Amino acid sequence: MAFTVRDFQDLLHVLETHPEWQIALRNAILKDDFLQLTRIVRELGEAQKRTEQRVEELAKAQSELAEAQKRTEQRVEE
């Protein structure tokens with residue numbers, strides 16, 4: 001027996017009315033690695049935020065060191 005377009009439309013309708021079946025079908029079709037993409041992307045976003053914060057901290061520290069160096073150079077000149 002062939003799977004027809006009508007069968008496909010019926011399947012889509014059934015999946016719309018049973019979200020839990022959507023999950024089961026998705027898990028049966030997709031590989032675990034693909035299913036983990038949402039978690040991986042979330043973790044990457046969090047890591048990027050931490051990296052941006054650290055870069056800001058480093059830029060501030062660099063600015064403070066540059067100011068301290070200027071003060072040291074002024075004292076040496078005096």
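Me: Is Arg 54 buried, exposed or partly exposed, and at what relative accessible area?
Reply: This is a predicted model, in which local features need pLDDT of at least 70, side-chain atom pairs count only at pLDDT 80 or more, and totals for chains, interfaces and linings use all residues. Residues are numbered from 1 along each chain as its sequence is written, and side-chain values use heavy atoms, with hydrogens and water left out. Buried means under 20% relative accessible area, exposed over 50%, and partly exposed in between, with a 1.4 Å probe and protein chains only. Arg 54 is partly exposed, its relative accessible area being 48%.

Me: With which residue does Arg 54 form a salt bridge?
Reply: A salt bridge is a side-chain nitrogen of Lys or Arg within 4 Å of a carboxyl oxygen of Asp or Glu. The closest N and O atoms are 3.1 Å apart, and the partner is Glu 57.

Me: How many helices are there in the protein chain?
Reply: Helices (H or I, at least four residues) and strands (E, at least two) are DSSP runs, numbered from the N terminus. Along the sequence the pattern reads α-α-α-α. There are zero strands, and the number of helices is four.

Me: What is the radius of gyration of the protein chain?
Reply: The value is taken over C-alpha atoms, and the globule rule is 2.2 Å times the number of residues to the power 0.38. For 78 residues that rule gives 12 Å, which the chain is well over, so the chain is more spread out than a compact globule. The C-alpha trace spans about 95 × 20 × 20 Å along its principal axes. The radius of gyration is 29 Å.

Me: What percentage of the residues of the protein chain count as buried?
Reply: The chain exposes about 7,400 Å², with carbon and sulfur atoms supplying 57% of that area; the Shrake-Rupley method with a 1.4 Å probe gives accessible areas, and for residues only the protein chains shown count as cover. Of the 78 residues, the share that counts as buried is 1%.

Me: Which residue forms a salt bridge with Arg 6?
Reply: Arg 6 counts as exposed at 57% relative accessibility. The closest N and O atoms are 3.5 Å apart, and the partner is Asp 10.
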